[in-house]
Amino acid sequence: MKVCVIGTGYVGLVTGVCLAEIEHNVICVDKDESKINMLLNGKMPIYEPGLDKFVEKNVKKKNLIFSSDVESAIKSQDIIFICVGTPPTSAGKPDLNSLDEVSKLIGKSINSYKVIINKSTVPIGTAKRIKKIIKENLSEENKNNNFDIVSNPEFLKEGEAVEDAFFPERIVFGSDNEKVINLMKKLYEPIINQDFDYANNNPKKREKVPIIITDSTSSELIKYASNAFLATKISFVNEVANICERVGANILDVTYGMGLDSRIGTKYMKAGIGWGGSCFPKDVRALSFTAEEYGAHASILNAVIQVNNYQRFKIIQKAMDLLGIIEDKIIGVLGIAFKPNTDDTREAPSVTVINKLVELGAEVRAYDPVVTKIPPEMDQKVIISKDPYETLKNANLMVLVTDWVDFLDLDFVKIKQIMKNPYIIDGRNFLEKKKLLDLGFVYRGIGY
Ligand SMILES: NC(=O)c1ccc[n+]([C@@H]2O[C@H](COP(=O)([O-])OP(=O)(O)OC[C@H]3O[C@@H](n4cnc5c(N)ncnc54)[C@H](O)[C@@H]3O)[C@@H](O)[C@H]2O)c1
């Protein structure tokens, strides 16, 4: 099938590559020409493990084309995916400007029947909003050209996005049009049936992927409610971790004991510095905003946000407990990305923690295996180091913010020698506490 993917970010690029891999003819477009130029030159605009190989393979096979000519791509393809960003406004309401802009352009460019699939995470009612904007912008000669809208939320996790695209746990179609649902099933058929050659060797024959067919409003809500639930799980565990600290219990044992109950489960049960990234913070706020808008109280969601904000400042409190006055102290931060295996720094915990430490007068150095520039929201006084040892030289304190697996292999004997004070705050309960205590470090985790 002939597919156009609008927005070549984390979701659009992965979606386009996955559809090309299952033999669709895909054009990925973006208004950001620098992004498209990078892709045309064989470079990845984002860090996502495994993605580059699939891009290279499908560009070679001519299944995948990159362009900044959005209009021509809409005209030439039959199926149009919308994958543009929906960042939060200060009130928490999602900013739908990019989505509106794209909808207008689709309306103006429609020259034959098109199926418009929305993958961006959007508030309830957005499928109807897209439809209205497209209709208003149809040109005179194309007034009779029909189109349909499907809500098809994306559940990929950055860092595991390629796997998630090929092996999703569910696919949701929000539409009441049977013809369009059948077309969607056809489009995703190899993924639904798990019948494709993944990296030339489909590792396991997996079960068919469950399809949820529902109305567009429920589909939009499935996405928000899923992210809000995951964020709730983490905030809940963080609250229990804080109780553990007060009563002398061990959060690792507590969460393990809880998680073995299959009704609870072991995933998303890690205490730490709290959730961040481009999705959870904005999606929880957006769902809370929708709840208020419709007169439904979102007490749990608001508490989930509050616990998460507080969790960042637990790190600062722990730093104060260890160092006393923060001013003029040297603090080495390990990890800038909001989680490992991505270069995404949107709403990363590192930003809040580093900004507060700088505000308190510390000299902050930071190291991340893939983030090598200071993120725009971060205080520009932070020094980005080339390696972890440079970050920690003469440091009074190490703060681990992102649980990159690389940090497990650090030479902690050397680190003990180069640091001024042997203080570690492990914001992810990730390092080997016993080993570090044996080496003479003072170790502070979250809830143990
Ligand atoms: N990143 C994730 O992990 C993830 C997971 C699931 C869902 N989502 C949702 O998917 C959507 C996209 O997220 P993302 O992380 O890929 O965003 P992103 O910022 O990485 O990418 C969005 C892209 O859209 C482009 N764009 C904006 N306006 C455009 C226009 N008018 N024409 C062409 N291109 C345009 C931007 O230049 C950008 O490259 C969001 O709604 C997000 O909530 C994200």
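User: Is the crossing of H10 and H13 left-handed or right-handed?

Analyst: The crossing of H10 and H13 is left-handed, where left-handed means that the near helix is turned anticlockwise from the far one by less than a right angle. Please bear in mind that this is a predicted model, in which local features need pLDDT of at least 70, side-chain atom pairs count only at pLDDT 80 or more, and totals for chains, interfaces and linings use all residues. Residues are numbered from 1 along each chain as its sequence is written.

User: Which residues of H10 and H13 make the contact?

Analyst: On H10 they are Ala228, Ala231, Thr232, Ser235, Asn238 and Glu239, and on H13 they are Ile300, Leu301, Val304, Val307, Asn308 and Gln311, with contact meaning C-beta atoms, placed from the backbone, within 7 Å.

User: And at what angle do H10 and H13 pack?

Analyst: Helix H10 (residues 216–247) and helix H13 (residues 299–323) pack at about 55°, their axes 9 Å apart; axes are lines fitted to C-alpha atoms over the stretch in contact, and angles run from 0 to 180 degrees between N-to-C directions.

User: Switching to the ligand, which residues come nearest?

Analyst: Of the 27 residues around the ligand, Gly7, Gly9, Val11, Ser120 and Thr121 come nearest, a residue being near if its C-beta atom, placed from the backbone, lies within 6 Å. Helix H1 (10–21) and helix H5 (97–109) are the elements that give two or more residues to this shell.

User: How many helices and strands does the protein chain have?

Analyst: The protein chain has 17 helices and 14 strands, counted as DSSP runs numbered from the N terminus (helices H or I, at least four residues; strands E, at least two). Its C-alpha trace spans about 75 × 50 × 45 Å along the principal axes.

Terms used. Two residues are in contact if their C-beta atoms, placed from the backbone, lie within 7 Å.
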